[in-house]
Amino acid sequence: MNKINILDESTTNKIAAGEVVERPFSVVKELVENSIDSNADSIVIEIEEGGEKLIKVMDNGAGILPEDLERAFLPHATSKINHIDDLNRIQTMGFRGEALASIASVSKVSMKSRAADNDIGKNITLDAGKIEKIEDIGTNIGTTVVVRELFFNVPARKKFLKSISREFSYISDIITRMALANPEISFKLIHNDKVAMNTFGTGNVVDVIRSVYGKSAAENIVKFEEHGDTASVYGFIGNAELAKGNRNCQSIFVNKRFIKNRMITAAVENAFKSFITVNKHPFFVLFINIYPEFIDVNVHPTKSEIKFMDEREIYKLVFNSVHTALRESLRESFSLEIQEEKPAAFEALDSNILIKEIPRTAESPVFRESVQLPLDLKPEMTSFKAISQKIPDIRIIGQFNKTYIIGEYDGELYLIDQHAAHEKILFERYTDEIRRHDVTVQLLLTPVVLELNNEEYQIYYENIGLFSSMGFKAEEFGQNTICIREVPLILGKPDIKGFFNDVLDNLHKFGSGDAAEVKYNAIAKMACRTAVKAKDNLTDIEMKKLIDELKFIDDPYTCPHGRPTIIKISLNELEKRFKRIQ
Ligand code: ADP
Ligand code: MG
């Protein structure tokens with residue numbers, strides 16, 4: 001055994017810095033948070049070379065008293081809490097008092113500040129955490145921190161930095177989020193002498209959205225707002241035009257702090273999907289204001305995670321507010337006849353989070369979206385998916401081996417695997433129904449009673465919400481026994497017991513953290529495989545119908561299991577085989 005050493009302060013700071021200061025963006029975040037905490041209404045952030053060379057944050061906030069300037073760099077120096085109990089009432093961004101000490105230990109820092117009541121300011125310079133100079137200077141009220149040569153003394157960390165543009169994109173991302181959360185503060189972000197972003201501190205979130213995401217974003221959003229007992233939620237959600245393949249344009253703020261939270265994301269996306277069937281992620285900016293006693297922010301040092309005391313309540317609040325706003329806006333813009341009933345769909349997805357609180361005796365509810373989508377949508381309605389044909393109007397020649405449909409179009413031969421194509425169509429139809437909370441079900445004439453072992457029962461129980469959102473209706477039927485009364489229509493007339501057991505087996509492979517969508521996709525794949533018959537004589541009309549349906553699927557070329565559905569052979573290729581061309 002090695003002798004136990006007590007680490008010196010500079011080493012512990014460097015270790016702490018590893019946690020708090022991961023890359024230039026973390027420095028920017030901590031410094032700007034300090035500026036926000038100081039009640040500044042103007043913050044200018046200057047970056048050089050992605051932050052590696054220079055990060056400068058200038059604010060016009062309250063400033064630091066001359067006698068405190070030096071102390072601000074001590075570890076655990078904070079003016080924001082005094083006592084452990086204060087942690088429950090945190091209203092400021094920072095509170096650990098770690099940031100300045102950590103940043104200073106891995107860079108060359110200078111900080112000048114003048115507090116409101118002082119005529120003169122003070123400047124402090126540090127190198128790798130060691131104070132080099134403290135002097136009086138003339139300066140405006142507020143604080144300016146300059147961080148140069150970040151990680152100059154931690155080569156291992158420097159090596160892990162990405163390209164300048166990548167590092168800067170992280171920075172611009174966090175400033176965007178802070179600007180959204182603080183519309184009353186003007187933010188100016190400069191990179192290598194060019195202004196990258198500028199907001200004007202008007203106090204209006206839509207102005208910030210316009211400044212950072214552009215004019216069209218500001219024109220394609222709808223406001224939502226709802227108040228609960230312990231929390232309020234409000235924000236803006238974009239229409240299909242603003243939806244994206246990734247979630248970069250989604251922001252969640254809890255008490256103004258930017259956070260990531262799967263449960264809230266799912267609530268918004270589920271509400272969005274009940275109206276808009278675009279297979280992308282919605283744009284949204286969402287604020288939750290909640291009594292600090294009902295959250296625990298102290299989960300992770302970088303504070304981007306948060307725990308709610310009552311996740312279910314927050315989920316409902318978010319889902320309802322977004323759902324109502326979208327419904328109202330659609331009603332206004334398109335005067336649609338939409339039923340007034342309250343949606344039940346908020347309980348359907350992401351069951352791994354929500355299901356915990358459903359009492360064991362509760363009958364698993366079948367969730368069907370009460371708000372039906374009008375099917376005859378006008379084509380000019382941009383909020384909805386534009387239906388575009390993905391494969392051409394093939395002329396059907398016939399069927400081969402009860403397996404392949406043969407057709408031609410524009411000098412090319414088409415071979416369609418009818419089995420794979422059918423599976424794909426069913427899969428798309430079914431997952432779309434699930435997303436819209438509108439699964440067509442069949443009532444079983446004789447309910448199927450299924451005895452499960454402890455483990456299987458546990459898996460079933462953890463996924464009750466998932467099953468019901470997929471169109472299965474089951475009830476508890478004594479110890480570890482369930483009685484299945486309804487199954488999705490898509491399933492046809494399968495061996496329900498066998499199918500259910502396979503599904504439970506499959507769910508076993510997923511961690512409890514896996515998203516509901518991943519799970520229902522896997523189950524839907526199994527369902528479609530069960531539903532489709534391998535070899536089948538098809539009439540001309542059946543073949544045409546199959547191809548017509550396939551045409552409008554996003555990716556008609558592969559089946560849910562990734563095998564091709566369509567093979568195309570050009571005349572050229574064919575003629576080569578016949579040696580007509582050499
Ligand atoms: P924390 O923000 O967690 O308190 P920091 O290490 O980030 O810890 O900052 C230490 C202290 O320095 C703060 O509590 C605050 O009193 C002071 N400080 C830092 N930056 C500023 C600023 N821009 N304006 C005013 N005070 C500041
Ligand atoms: Mg701080």
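Phe-151 sits in the loop between β6 (142-148) and α4 (155-159); helices (H or I, at least four residues) and strands (E, at least two) are DSSP runs, numbered from the N terminus. Phi of Phe-151 is near 65°, a positive value in a residue other than glycine. Ala-128 also has a positive phi, of about 50°, although it is not a glycine. Ala-128 is found in the loop between β4 (121-127) and β5 (130-137).

This is a predicted model, so local features need pLDDT of at least 70 and side-chain atom pairs count only at pLDDT 80 or more, while totals for chains, interfaces and linings use all residues. Residues are numbered from 1 along each chain as its sequence is written, chains are lettered from A and ligands numbered from 1 in the order in which they are written, and side-chain values use heavy atoms, with hydrogens and water left out.

Here is how a few residues score for burial, where buried means under 20% relative accessible area, exposed over 50%, and partly exposed in between (1.4 Å probe, protein chains only).

| Residue | State | Relative accessible area |
|---|---|---|
| Phe-151 | buried | 1% |
| Cys-483 | buried | 2% |
| Cys-249 | buried | 12% |
| Gln-399 | partly exposed | 25% |
| Ala-128 | partly exposed | 27% |

On the cysteine side, the structure holds 0 disulfides, a disulfide being a pair of cysteine sulfur atoms within 2.5 Å. Taking the protein chain as a whole, buried residues make up 49% of its 582 residues. Its secondary structure comes to 17 helices and 22 strands.

Now for the cores. A nonpolar core is a set of buried Ala, Val, Leu, Ile, Met, Phe, Trp, Tyr and Cys residues joined through side-chain atoms within 4.5 Å. The largest one has 57 residues, and Val-32, Ile-45, Ile-175 and Phe-187 have the most contacts inside it. Helix α5 (residues 164-181) gives the largest share of this core, 8 residues. Domain 1 (9-200) and domain 2 (220-331) both contribute residues, so the core lies between them; these bounds come from an automatic or database domain assignment. Leaving aside residues up to four places away in sequence, Ile-175 touches Val-28, Val-32, Ile-45, Phe-187, Leu-189 and Met-197, where contact means heavy atoms within 4.5 Å. Apart from that core lies another, of 38 residues, among them Leu-450, Leu-507, Ala-524 and Val-532.

Next, a sheet. Four strands form an open sheet in the order β16-β17-β18-β22, with antiparallel pairing; two strands pair if DSSP finds at least two bridges between them. β16 (395-400) and β22 (566-570) are at the edges with a single partner strand each, so one side of each has no neighbour in the sheet. Neighbouring strands are turned by 25° against each other on average, direction ignored; axes are lines fitted to C-alpha atoms, for helices over the stretch in contact, and angles run from 0 to 180 degrees between N-to-C directions.

Helix α11 (residues 418-435) packs on the sheet, touching β16, β17 (404-409) and β18, and its direction makes about 70° with that of β18. Helix α16 (residues 540-551) packs there too, touching β16, β17, β18 and β22, at about 115° to the direction of β16.

Back to Gln-399, which has its place in strand β16. Among the residues it touches are Tyr-404, Gln-418 and Asn-537. Gln-399 and Asn-537 are 138 residues apart in sequence and 8.0 Å apart in space, C-alpha to C-alpha.
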